[in-house]
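Visitor: I am new to reading structures. Could you take me through this one a feature at a time?

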Amino acid sequence: MADLTWWRESRFGMFIHWGLYALPAGQWNGKPVSGLGEWVLRNGQIPLDEYEALAGQFNPARFDAEAWVALAAAAGMKYLVITAKHHDGFAMYHSPCNPFNIVDATPFGRDPMAELAEACRRHGLRLCFYYSQAQDWHAPGGAGHWEEAGGTPWWSQTVEADRFAQYLEEKVKPQVRELLTQYGPIGLIWFDTPVVISREQSESLGDLVHSLQPDCLVSGRVGHDVGDYGSLGDNQIPLGPVSGDWETPATLNDTWGYRSDDHHWKTTRELLHLLVELASKGVNYLLNVGPTALGEIPGPSTELLRAVGRWMDVNGDAIYGTSASPFAAEFEWGRVTVRGDRLYLLVTEWQPEIEILGLQTPVDRAWLLAQPEEDLLFAETHDFGLSRYALRLALPEAAPDADVSVIALQLTGPPEIDETLWQRADGRIVLPGYLAERHVGSDIDGALAATRTGSLSNWRDTRDSLSWRFGNHVAGKYDVRVVLCSPWQEKPAPTGQTVRGEVAGQVVSGTLDAETPVTSPRSQYFPEHATSLGSVTLEAGADQVLRLAAVTIPDGAPLHLAAVELVPVG
Ligand code: JFZ
């Protein structure tokens with residue numbers, strides 16, 4: 001097993017999608033080509049010889065490895081993953097085994113990877129390579145190659161098994177060998193889109209990497225869960241903390257490779273929230289830039305990364321080397337990370353006072369990372385009746401950072417946490433899907449499942465049900481709301497299921513719909529909708545139980561549950 005220490009401690013890396021596709025930049029014959037920039041060959045159905053001819057025009061005279069790596073370093077990124085070969089099959093490095101490469105086929109004639117390797121050494125970043133092992137639209141035998149797909153639709157990724165095996169031996173393995181022998185130590189190989197690859201083939205690629213460089217990591221997208229760590233979906237934020245080692249690749253706008261008409265840039269605030277959100281769930285953030293055909297990282301990307309870097313200069317301690325929040329639930333004021341005896345509170349919603357529930361370890365000292373000399377005032381209380389631990393921190397009037405301000409808490413030892421889901425300071429009781437106890441009464445096939453990303457999905461069988469234990473310190477009337485989340489980026493969750501909730505001897509029920517969007521969903525890419533089932537009246541208690549059963553689940557409309565929430569009424 002490869003050593004993941006450096007990768008875990010890094011938490012933040014730069015992704016670079018750079019290739020011939022930066023020349024058409026999302027256009028072909030003057031017309032925009034829908035979809036991802038680096039997919040222009042396929043999405044634009046460009047004849048191979050015309051695409052090959054782009055190499056003759058590729059001359060990124062402004063390419064400056066030092067500038068790229070200095071930018072990554074200034075942003076606080078610790079590793080850099082660059083497309084050595086994307087699905088178009090073009091090697092962006094000097095590949096002696098295959099002439100379709102930047103040194104042999106372009107007027108540029110330089111090897112950018114050699115220059116990047118040097119710059120990375122100077123700045124102490126790990127150089128890593130993206131390599132499309134299965135899809136290769138240019139090499140005979142590669143998945144998605146025109147001729148291989150002959151007769152089938154142009155987007156098909158089929159290929160005959162023995163031709164694919166030959167391509168693996170003749171192109172992929174020799175090129176992976178080149179990448180791991182020409183540039184010194186490589187941090188990881190980011191394989192992608194395994195599509196047609198067999199388990200055996202994935203394993204043999206992993207073995208090849210480890211045999212050449214035992215410390216080089218292999219990304220999960222090599223296929224069949226063979227990698228050293230997992231890759232979440234693009235831009236994906238898991239609903240809860242993940243176990244194991246995961247990374248989310250993410251874009252600054254909507255495209256990986258350079259696309260001249262994509263101006264949909266995220267804001268610095270959005271980027272910092274993503275970074276913080278992912279760190280609080282124990283996930284690495286691999287943030288992409290798409291340099292132009294001249295070799296420049298677009299201006300808006302540079303500015304955004306510099307802004308993130310300014311935040312990291314002050315607050316990096318709350319990110320590097322930390323682990324996911326040790327708390328079961330999330331807090332309404334922000335997110336948490338931990339390193340040893342120190343908790344970091346990453347406050348996104350600044351307020352005069354914040355409350356942390358469930359921390360049983362005493363606090364020694366609290367301060368803002370932006371003002372390390374000044375102590376913050378805090379009070380620890382323990383309600384013996386309810387056995388509820390609360391830590392309250394008084395915050396200065398002005399947030400030190402408009403986007404995310406970080407409070408460090410030095411504890412007397414590693415944090416010990418009471419896992420009860422406590423009613424929050426804002427009065428809400430939030431019961432996340434991923435923390436539900438599952439009662440599976442159906443055949444295992446149809447059973448509801450918690451996905452690796454923490455959401456509870458694919459609840460298809462009315463014999464299954466859920467329950468949560470929770471505590472509330474305020475007696476009163478609560479509206480019971482069921483929140484569905486999109487199972488996949490931007491597609492709304494199916495609705496029309498009838499569910500029944502039971503708490504403290506009271507029953508509420510209703511049919512779920514998509515009429516009321518949640519204004520602050522747990523993830524900005526996965527829309528959520530809340531349906532009210534009616535209200536219940538609760539005494540205060542530390543041992544409440546809410547059960548959720550499904551009365552009807554229409555065909556094709558499994559439940560994808562983000563949470564059940566009890567919201568105080570009146
Ligand atoms: C792949 C590539 O096809 C794409 O061009 C880009 O390089 C991206 C980083 O990776 O696309 C994917 C692969 C997997 C998912 C989404 C897009 N996924 O699992 O969500």
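Visitor: Where is the place of Asp-461?

Guide: Asp-461 sits in the loop between β23 (456–459) and β24 (465–472). Strands here are DSSP runs of E with at least two residues, helices are runs of H or I with at least four, and both are numbered from the N terminus. This is a predicted model: local features need pLDDT of at least 70, side-chain atom pairs count only at pLDDT 80 or more, and totals for chains, interfaces and linings use all residues. Residues are numbered from 1 along each chain as its sequence is written, and side-chain values use heavy atoms, with hydrogens and water left out.

Visitor: Is Asp-461 buried or exposed?

Guide: Buried means under 20% relative accessible area, exposed means over 50%, and partly exposed is in between (1.4 Å probe, protein chains only). Asp-461 has a relative accessible area of 14%, so it is buried. Its side chain reaches the backbone nitrogen of Arg-463 at 2.9 Å.

Visitor: How many helices and strands does the protein chain have?

Guide: The protein chain has 10 helices and 30 strands. Of its 570 residues, 56% are buried. For overall form, compare the radius of gyration, taken over C-alpha atoms, with a globule rule of 2.2 Å times the number of residues to the power 0.38. A compact globule with 570 residues would have a radius near 25 Å, and the protein chain has 26 Å, which agrees. Along the principal axes, the C-alpha atoms fill a box of roughly 75 × 60 × 45 Å.

Visitor: Which residues are closest to the ligand?

Guide: A residue is near a molecule if one of its heavy atoms lies within 4 Å of it. Here 14 residues surround the ligand, and the closest are His-17, Glu-38, His-87, Asp-192 and Asp-234. By class, this shell has 5 nonpolar, 5 polar and 4 charged residues. Ala, Val, Leu, Ile, Met, Phe, Trp, Tyr, Cys and Pro count as nonpolar, Asp, Glu, Lys and Arg as charged, and the others, Gly among them, as polar.

Visitor: What lies 2.7 Å from an oxygen atom of the ligand?

Guide: A polar contact is a pair of N or O atoms within 3.5 Å; within protein, one must be able to donate a hydrogen and the other to accept it, and residues adjacent in sequence count only if both atoms are side-chain atoms. At 2.7 Å from a ligand oxygen lies a polar side-chain atom of His-17. For an N or O atom in the side chain of Glu-38, the distance to an oxygen atom of the ligand is 2.4 Å.

Visitor: How many salt bridges are there?

Guide: Side chains of opposite charge can pair when their charged atoms come close. A salt bridge is a side-chain nitrogen of Lys or Arg within 4 Å of a carboxyl oxygen of Asp or Glu. The count comes to 27. One of them joins Glu-296 to Arg-62, with the closest N and O atoms 3.1 Å apart. This pair links distant parts of the chain, 234 residues apart: Glu-296 is in the loop between β10 (283–289) and α10 (299–315), and Arg-62 is in the loop between α3 (48–53) and α4 (65–75).

Visitor: Where do Lys-173 and Glu-169 lie?

Guide: Both are in helix α7 (residues 161–181), 4 residues apart, about one turn of the helix. Lys-173 is buried at 17% relative accessible area, whereas Glu-169 is partly exposed at 48%.
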